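Hi,

Here is the structure I promised to pass on to you. Have a look at it first, and then read on for what I found.

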Amino acid sequence: MGRDLALIIPEIAVLLTAVGALIAEMLRRPRISLIIAVIGLVVGTGLTLRLLGTDTTVFGGSFRIDTLSIWAKLILLPATVLAMLLARVDVRGSAREGTVYSLLIFSTLGALVLAGAGDTMFLVLGTLLTGLATFALVAYPDTDPATEAAMKFFVFASVTTAIMIFGLSYWFGASGSTLIADLPAMDTMPLAVILGFVAVVVGLGYKASLVPFHFWAPDAYEGAPLSIAAYLSVVPKIGALFALTQVVRDLPPETGWAAVMAGLAVLSMTYGYLAALVQDNIVRLLAYSSIAQSGYFLLGILAVGSSELALPSIILFAAAYAAMNLGAFAAAATTGRTLSDFEGLGRTRPLMGIAMVIFLLSLVGIPPLAGFVGKFMLFGAAIDAQFTWLAVVAIVNSVLSLAVYLRIIVPMYRAGESASAATDPWHGIVVITAFAATLIIGLAAQLFIV
Amino acid sequence: MLPLVSLTLFLPLVGAVLILCLPKPTARTVHGIAIVSAALTLVGALAMWLQGVSGDGFSQVEELEWMPAIGAAYRVGVDGISLPLVLLSAVLFLVSFIYTSSLRDRPRAYVALILLLETTAIGTFTALDGILFYVFFEVSLVSMYFMIAGWGHEDRQRAALMFFIYTLLGSLPLLLAILGLYLGSPDPTFDMRAWIANPPLEGAAAMWALIAMLITFAVKIPAIPLHTWLPAAHVQAPTVGSVILAGIMLKFGTYGLVRFALQMTPEAFREAGIVVLVFGVVSAIYGAFAALAQTDLKRLVAYTSVNHMGYVIVGVSAAALTLDPAVRATALDGAVLQMFSHGLVTGALFFLVGMIQERAHTREMGEFGGLLKTVPLLGWSFVLAAFASLGLPGLAHFPAEFQIFLATLGTTPIAVVVILGIAIIAGTFLKALRETFLGEPRDRWNKMPDLSPREILAVAPLLVLTVATGVAPSWVLDVIHRTTSALVL
């Protein structure tokens with residue numbers, strides 16, 4: 001027991017941070033709440049570093065301390081800090097400032113639980129924990145659009161989670177255990193395996209906003225404050241995708257789950273970019289783009305078990321995606337919510353313009369930026385797993401994505417009047433950090449390949 | 001030992017960073033820094049030239065760990081195929097900075113972009129790692145896109161977008177080919193030397209990889225029917241943009257054709273060689289006819305590039321088809337020398353067309369006449385460059401094209417119909433010279449000033465090298481031949 005607790009110290013630190021931030025809020029000291037939150041998450045990240053290289057499980061195999069769950073902490077905790085700094089601009093001075101910080105951390109904790117899930121119950125727990133916290137986050141501005149967005153989000157989440165729990169009961173029935181590692185034991189009952197798997201894909205697919213479980217995402221992102229949309233597009237999504245990886249690692253290949261993943265990947269990438277192509281609202285555009293990016297993750301996930309490149313590629317792309325997507329949202333937060341707001345941005349604020357160009361080109365996958373290295377490895381993993389056709393589809397989609405992101409870049413360098421409001425220093429910090437990360441992850445990718 | 005290759009490679013980038021970091025530099029400072037970094041780069045390239053290449057594989061190799069877990073590393077080096085192209089890049093970029101030093105419209109960003117482009121160009125030619133090559137290959141697109149979009153002519157946005165989408169779309173198949181080579185290697189690595197020494201793919205896989213590479217390089221070269229971006233990009237690009245696009249970036253395609261297609265999938269290339277050869281012949285002849293039909297000087301020069309690059313394709317496919325090492329060496333000597341010569345000659349031609357446009361604000365041949373009398377220096381320079389371009393003996397293109405035809409005659413005699421292209425190009429240039437430079441001078445151009453010292457400095461080095469390469473090609477050919485004669489496919 002002592003050993004187990006020692007291994008989950010980072011998670012404990014995150015939990016204590018959430019509680020601490022909440023207590024400070026109850027004492028009406030939102031500033032202190034923020035300070036506790038940032039320090040706690042940074043400490044949590046630091047505590048995780050010493051675990052690198054560990055590969056074991058705790059609590060009877062129900063929670064995994066492996067490459068995936070360790071990197072989930074190293075990626076998601078800093079990402080949460082950045083999202084929190086973005087949120088600070090939205091909530092400063094409001095009555096619920098500290099609550100927002102606390103909810104963000106609780107939700108991240110849920111994502112970490114998902115990323116290390118070794119037990120189907122942890123899948124449910126993680127989904128609910130992130131879900132409950134994020135419903136409140138979407139709803140907190142208390143405006144009509146926010147309430148509507150939260151309502152849609154909530155209904156969609158409830159239904160899909162219920163389906164997941166229902167399907168998981170088949171797995172429990174078939175294998176007699178809730179442990180994911182025991183799944184191979186049940187290949188005598190293929191129908192139960194497949195039913196359970198479909199249910200898990202529905203439950204986690206909604207959280208990762210994979211097509212066709214993505215309907216909530218554009219609406220929720222649009223109704224929510226930009227900072228929360230940025231958070232939703234990164235932290236819960238990566239948590240869910242890592243959880244999916246944890247599940248399929250132990251699934252018997254005969255079930256054909258890899259083909260299902262490939263199909264979802266094609267749908268998500270293609271539909272995401274096609275839909276993004278016709279958006280004029282930058283938040284909706286980025287929402288659809290993030291749906292498409294989820295599809296890319298699946299290229300790595302379906303190769304788990306058949307390619308050495310699979311895990312490193314998923315982790316690398318997760319880090320890259322967190323940096324470039326948060327960066328793009330932060331740049332959008334300083335500029336405006338419609339495409340026309342970006343006109344002339346490159347001329348009125350050249351540095352912000354360069355940063356946005358870098359984020360978007362990285363999302364396309366132009367070398368040597370982070371997105372390129374990530375996608376390159378994902379393609380390699382898919383080809384290695386005999387899914388060359390899927391890599392070709394992904395590459396064609398990358399071309400499509402260029403058209404999507406150029407719709408933002410081109411007006412930036414046309415003569416125009418960008419609202420040249422002074423950049424909020426907090427936004428500035430987030431943009432600079434994400435910018436540095438996008439470059440460094442691209443050039444020092446070795447750090448992520450473990 | 002100084003890491004010469006890396007120094008040469010990153011000097012321009014250092015210059016670019018310096019320019020961007022200086023607080024509010026004047027235009028003079030910006031241009032000064034650019035010229036100095038480009039001059040130092042040329043010094044580096046010359047030092048590399050003096051070091052020379054050994055015939056066997058790559059020389060002056062520098063290696064640094066990057067991503068050992070997947071076998072990718074920072075690896076650079078040169079052989080007889082890449083070294084002339086490195087020298088060409090260093091020369092062309094230096095004269096481009098001299099030419100552009102009069103620019104006052106946002107010089108900082110413009111010059112920084114060109115410096116970045118110089119690093120990516122030299123990087124593309126020296127990279128010995130699949131990922132590194134692809135990185136340089138792609139980043140060059142981004143800087144060229146912003147150059148055309150920011151400083152081009154009237155319809156620049158559309159042309160820049162077309163260029164970017166076309167070439168990005170074109171380069172993605174190469175990514176697949178690189179992944180294929182990587183996964184096909186017995187000990188997965190991105191080391192291009194290993195791919196060349198033991199081509200990792202065979203059979204259908206090699207053929208698919210070859211097809212992917214051919215698509216990528218055909219867009220870049222550009223070969224028929226993937227050439228349509230070229231005239232649009234050239235017409236809208238600023239002069240220096242055209243010079244670099246034609247002088248350097250087209251060579252990415254032909255260089256890749258040799259380095260990747262020929263050296264890494266030799267068997268597949270031998271099988272498909274005849275098809276590639278046909279594309280080369282069609283490109284050369286089509287380019288020549290298209291050039292003949294132009295009335296706009298810049299479009300005319302752009303189409304002659306399609307013609308000249310067609311010869312390179314013919315040379316490389318002849319090298320792939322032949323089994324005789326001597327013929328192969330001749331074909332490749334010709335192809336590589338043709339790349340080098342084309343950079344010099346077409347660079348000069350685009351500069352001169354740019355100078356005419358700057359003075360007259362038009363490029364229509366019909367509007368001129370008798371310019372040889374009004375602006376003799378400009379006129380005679382153009383005449384010299386045009387004669388070089390049409391392949392006059394004693395000028396740079398002649399020894400290159402001669403060797404290509406010689407080798408083709410030895411492998412597939414029928415392909416010699418491509419010589420028709422020379423006749424058509426000759427007609428094209430003679431027509432252009434007559435309409436623009438001969439005849440009676442028109443009154444409206446009486447006040448046209450002749451070349452300024454800055455412009456002479458930009459064009460003269462190219463013309464001198466054109467003559468030097470034409471009269472005594474051995475100074476370049478020896479370097480090329482050392483590698484091509486030892487090539488085992």
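Chain A is built from 18 helices and two strands. Please keep in mind that this is a predicted model.

Let me begin with the overall form of chain A. Its C-alpha trace spans about 65 × 55 × 40 Å along the principal axes. For 450 residues, a compact globule would have a radius of gyration near 22 Å, so the 21 Å of chain A agrees with that. Of these 450 residues, 64% are buried. If you take the contacts in chain A with a separation of 6 or more, 79% of them join residues 24 or more positions apart.

Next, the place where the two chains meet. Chain A brings 20 residues to the contact and chain B brings 23 residues. On the chain A side, the elements giving two or more residues are helix H16 (370–384) and helix H17 (388–412). H17(A) gives the most, with eight residues. By type, that side of chain A divides into 16 nonpolar residues, three polar and one charged.

Finally, one residue to look up in the viewer: A:Ala21, which sits in helix H2 (residues 9–26) of chain A. Is A:Ala21 buried or exposed? A residue counts as buried when 20 or more other C-beta atoms lie within 10 Å of its own; A:Ala21 has 30 within that distance, so it is buried. Leaving out residues up to four places away in sequence, A:Ala21 touches A:Ser33, A:Ile36, A:Ala37, A:Gly98, A:Tyr101, A:Ser102 and A:Ile105. A:Ser107 is 86 residues from A:Ala21 along the chain, and their C-alpha atoms are separated by 13 Å.

Best wishes

Methods
Residues numbered from 1 in each chain as written. Chains lettered and ligands numbered in written order. Predicted model: local features only at pLDDT ≥ 70, side-chain atom pairs only at ≥ 80, totals over all residues. Helix = DSSP H or I, 4+ residues; strand = E, 2+ residues; numbered from the N terminus. Rg over C-alpha atoms; globule rule 2.2 N^0.38 Å. Buried ≥ 20, exposed ≤ 12 C-beta atoms within 10 Å, placed from the backbone. Contact = placed C-beta atoms within 7 Å. Nonpolar A, V, L, I, M, F, W, Y, C, P; charged D, E, K, R; others polar.
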